[in-house]
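Colleague: Could you take me through the salt bridges in this one, with the cut-offs spelled out as you go? I'd like a close look at that part, then a quick sense of the rest.

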Amino acid sequence: MATSRTGSSSSSATRRSSSSVEEFQQVLNERKRKRMASNREAARRSRMRKQKHLDDLMGQVSQLAHENNQILANINITTQIYLNIEAENTVLRAQMAELSTRLQSLNEINDFISSNNGVFGYDHPNNYEADHEHHHHQVNIDTFMNNPWGCFYGNQPIIASADMIM
């Protein structure tokens with residue numbers, strides 16, 4: 001019986017040891033399963049964070065593209081306004097130059113007529129009517145046409161209009 005006791009005792013110890021190995025293996029398997037589940041959940045959360053970050057970046061790209069389009073539209077409008085104003089300024093500068101030239105010519109003619117050079121046969125422009133009533137004066141055509149402004153009299157009239165002022 002001693003043999004059977006040892007045999008049964010060793011068989012019982014083997015059963016206990018194999019059951020404790022099985023229990024240990026189950027504990028290890030459970031830990032492994034939990035770790036794998038935890039890793040899967042962490043990976044899922046990481047993918048979700050990355051996807052959210054990507055979505056945020058795509059939203060920023062869309063917003064920035066929209067803002068860039070608005071800025072470009074504003075630049076185009078501002079450029080067009082600038083070009084229109086620049087064209088208008090060019091026209092105004094040309095008109096100013098023309099009017100300055102005309103004014104200078106008119107002032108020169110006025111100075112010539114106002115001078116006491118005897119071209120019109122009277123001493124002073126204010127005395128014209130008095131002299132004209134009593135005497136019939138002849139204008140010296142050679143003196144009149146050989147003045148520096150003769151081109152105005154012979155070639156083109158002096159014209160003034162309201163458009164010149166505006």
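Modeller: Let's start with Asp56, which is partly exposed at a relative accessible area of 39%; here buried is under 20%, exposed is over 50%, and partly exposed is in between, with a 1.4 Å probe and protein chains only. Bear in mind that this is a predicted model, so local features need pLDDT of at least 70 and side-chain atom pairs count only at pLDDT 80 or more, while totals for chains, interfaces and linings use all residues. Residues are numbered from 1 along each chain as its sequence is written, and side-chain values use heavy atoms, leaving out hydrogens and water.

Asp56 has Lys52 as a salt-bridge partner, with the closest N and O atoms 3.2 Å apart; the term means a side-chain nitrogen of Lys or Arg within 4 Å of a carboxyl oxygen of Asp or Glu. Lys52 itself counts as exposed, at 52% relative accessibility. Because the two sit 4 residues apart in helix H1, about one helical turn separates Lys52 from Asp56. Helices here are DSSP runs of H or I with at least four residues, strands are E runs of at least two, and numbering goes from the N terminus.

Arg45 and Glu41 form a salt bridge as well, with their closest N and O atoms 3.7 Å apart. They too are 4 residues apart in helix H1, so about one helical turn lies between Arg45 and Glu41. Arg45 is partly exposed at 40%, and Glu41 is partly exposed at 30%. This pair belongs to a network of salt bridges linking Glu41, Arg44 and Arg45.

Then there's Arg93 with Glu86, whose side chains meet in a salt bridge at 3.9 Å, N to O. Both count as partly exposed: Arg93 at 48% and Glu86 at 29%. In total the structure holds 6 salt bridges. As a general point, side chains of opposite charge can pair when their charged atoms come close.

As for the rest, helix H1 covers residues 2–114 and also holds Ile71, which is partly exposed at 45% relative accessibility. The protein chain has 5 helices and 0 strands. Of its 166 residues, 6% count as buried. Among contacts (heavy atoms within 4.5 Å) between residues at least 6 apart in sequence, 47% join residues at least 24 apart.
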